[in-house]
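Here are my notes on this model, for your review. Please read them beside the structure.

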Amino acid sequence: DELEGALTGGILPDLLVPLRGDSTEFFQYITRHADIQSDIRHQAERTVIGGVSSGVNPRSVGNVAQAVQRTRFRLVYPDIVIVPLPKAEGPDEETLVDGTYLASMLAGSVVSPNVDVATPWTNRRLVGATRLARTLDAVEQNQIAVKGVTVIEDRPPVLRVRHGLTTDLVGNSTNGNATLSKLPTIIQIVDEVQQQARKTLDRFIGTKFLPGVLSQIEGQLSNTLKLLVEAQILSAYTGVKANVASDDPTVAEVEAFVSPVFPLLYVVVSFSMRSSL
């Protein structure tokens with residue numbers, strides 16, 4: 001609750017990583033916080049990456065993900081990871097930590113200046129750990145992934161995101177559109193577009209609402225969306241239109257349609273056999 005709104009210095013955190021992984025109720029609470037802070041009234045877009053405490057088994061982590069089932073909450077697994085701790089003398093000492101630290105490693109990758117909000121999570125490499133302390137076979141990985149868990153796997157000398165997912169695989173957060181709800185980069189793109197649009201249009205607040213203002217708003221927003229397409233955040237946009245609100249002459253209602261850049265997740269190859277070519 002202390003994170004509501006802007007922090008000291010006007011800082012708006014857009015990614016929360018709780019270092020607690022033993023309570024489904026807590027995950028539900030922090031996700032509600034992220035949803036509320038991301039609405040049009042609060043204008044403080046946020047997402048959450050959570051990890052589970054050591055000892056949480058594959059079946060239980062899937063139940064946790066399904067209990068939350070929101071696009072702004074992402075849950076990583078396994079629950080135990082080995083990290084090296086430097087020693088003044090001799091080799092590093094290997095230490096067991098729980099899945100909340102694994103979530104922190106993923107968060108570090110997400111906020112890296114070397115990537116943007118549209119960079120896919122799938123196959124992303126995580127650094128800072130030696131290896132996972134709980135190994136899952138392909139069947140177990142699939143069983144928890146289909147419940148909305150982002151599985152991390154060993155790919156020595158690094159860890160790798162097997163498939164980046166949110167906990168909402170059915171579209172609870174997007175009016176039934178599972179394609180938009182299950183990919184973690186989509187909501188990141190949505191938040192980025194909203195933030196950029198807000199910065200662009202803020203200059204019009206407090207000006208005289210003359211007839212030419214609407215066309216200026218359309219032009220400025222179109223230019224912002226064009227730059228996002230050039231930056232490979234959006235693939236396209238259309239339908240930028242501004243009108244005076246029918247019930248309030250001090251409000252400009254602006255509409256636009258945008259298409260995010262989607263990740264490439266599968267390559268399907270078909271071969272046809274012939275006796276000769």
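1. Start with the inventory. The protein holds seven helices and eleven strands. Keep in mind that this is a predicted model.

2. Next, the overall dimensions. The C-alpha trace spans about 70 × 70 × 40 Å along the principal axes of the protein. The chain counts 277 residues, and 39% of them are buried.

3. Which strand order does the open sheet have? Its six strands run 1-2-3-8-9-6, and the pairing is mixed. The edges belong to strand 1 (15-16) and strand 6 (125-126). Each has a single partner strand, so one side of each lacks a neighbour in the sheet.

4. Now look inside that order, at strands 3 and 8. Strand 3 covers residues 73-77 and strand 8 covers residues 149-155. They pair in the parallel sense, over three bridges. For a reference point, take valine 76: it stands opposite threonine 150 in strand 8.

5. A helix belongs with this pair. Helix 2, residues 58-68, lies across strand 3 and strand 8. Its angle to strand 3 is about 175°.

Terms used. Residues are numbered from 1 along each chain as its sequence is written. This is a predicted model: local features need pLDDT of at least 70, side-chain atom pairs count only at pLDDT 80 or more; totals for chains, interfaces and linings use all residues. Side-chain values use heavy atoms; hydrogens and water are left out. Two strands pair if DSSP finds at least two bridges between them. Helices (H or I, at least four residues) and strands (E, at least two) are DSSP runs, numbered from the N terminus. Contact means heavy atoms within 4.5 Å. Axes are lines fitted to C-alpha atoms, for helices over the stretch in contact, and angles run from 0 to 180 degrees between N-to-C directions. Buried means under 20% relative accessible area, exposed over 50%, partly exposed in between (1.4 Å probe, protein chains only).
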